[in-house]
Amino acid sequence: MQIIERTRVFNGHYKVNQLIVQDGDTQLKREQFAPGKAVAALVYDTARQVYVLTRQFRIGPETEILEIAAGMIDGDEAPDTAVRREIHEELGYEIDKLEKIVDMWPSPGTSSELITVYYAEVSHKTGNGGGLAEENEKIEMVELTWEALLAEPLQDAKTVLAVQWVRLRE
């Protein structure tokens with residue numbers, strides 16, 4: 001298969017492309033959700049020995065979701081720079097240690113979104129967290145012990161992935 005044409009058919013808060021894909025003698029039209037590149041991190045406060053997650057309303061499931069801190073990469077920003085910014089904006093922490101877990105395609109059948117997932121250790125807050133008012137973010141910070149985190153019915157794929165990564169390293 002080869003993409004022979006790409007047209008932006010929606011250019012709002014999110015982007016949608018229409019692709020013409022050549023498959024032998026057949027041409028297929030496919031829509032592609034194109035939100036951009038993102039970062040996410042499971043954050044562990046080593047001083048207080050708790051994991052710090054976020055809870056916020058998400059458009060996809062139309063409800064609040066417990067998830068790891070995450071956000072979009074701005075332009076040519078490096079993923080590690082973006083994750084540091086997002087952790088500070090959402091949780092108020094500076095990062096002591098950062099380890100990349102994986103680059104993942106959360107839904108490759110329909111989306112071009114690539115998420116770089118990290119594990120971050122922190123020990124001191126330098127900000128309030130809670131997100132940015134100018135981005136209409138209303139983020140609740142949720143602190144959980146390891147046992148409490150494992151008891152949560154996680155529904156967000158990047159969060160499940162990061163928690164399982166920690167479990168495998170125990």
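Helices (H or I, at least four residues) and strands (E, at least two) are DSSP runs, numbered from the N terminus. The model described here is predicted, so that local features need pLDDT of at least 70 and side-chain atom pairs count only at pLDDT 80 or more, while totals for chains, interfaces and linings use all residues. Residues are numbered from 1 along each chain as its sequence is written, and side-chain values use heavy atoms, with hydrogens and water left out.

In helix 1 (residues 79–91), Arg 85 and Glu 89 are separated by about one helical turn because they stand four residues apart. Their side chains meet in a salt bridge at 3.7 Å, N to O, the term being used for a side-chain nitrogen of Lys or Arg within 4 Å of a carboxyl oxygen of Asp or Glu. Arg 85 is partly exposed, with a relative accessible area of 21%, whereas Glu 89, at 14% relative accessibility, counts as buried; buried means under 20% relative accessible area, exposed over 50%, and partly exposed in between (1.4 Å probe, protein chains only). Both residues also belong to a network of salt bridges that links Asp 74, Glu 77, Arg 85, Glu 86 and Glu 89.

Arg 48 is partly exposed at a relative accessible area of 45%, and Glu 143 is partly exposed at 41%.

## Lys 158, a buried charged residue

Lys 158 is found in helix 3 (residues 157–169), and at 10% relative accessibility it counts as buried. Lys 158 forms a salt bridge with Asp 156, the closest N and O atoms being 2.9 Å apart, and both of these residues are buried.

The side chain of Lys 158 also makes a polar contact with the side chain of Glu 67 at 2.6 Å (a pair of N or O atoms within 3.5 Å; within protein, one must be able to donate a hydrogen and the other to accept it, and residues adjacent in sequence count only if both atoms are side-chain atoms). Not counting residues up to four places away in sequence, Lys 158 touches Ala 40, Glu 67, Ile 68, Ala 70, Met 104, Ile 115 and Val 117, where contact means heavy atoms within 4.5 Å.

## The nonpolar cores

A nonpolar core is a set of buried Ala, Val, Leu, Ile, Met, Phe, Trp, Tyr and Cys residues joined through side-chain atoms within 4.5 Å. The largest one has 22 residues, and those with the most contacts inside it are Leu 42, Tyr 51, Leu 53 and Leu 149. Among the elements that give two or more residues to this core are strand 4 (37–45), strand 5 (50–58), helix 2 (146–151) and helix 3. Apart from it lies another core, of 16 residues, among them Val 39, Ala 41, Val 52 and Ala 82.

Three strands form an open sheet in the order 1-2-3, with antiparallel pairing; two strands pair if DSSP finds at least two bridges between them. The edge strands, each pairing on one side only, are strand 1 (2–11) and strand 3 (26–33). Strand 2 (residues 15–23) and strand 3 pair in the antiparallel sense over eight bridges, and the bridge partner of Asp 23 in strand 3 is Thr 26.
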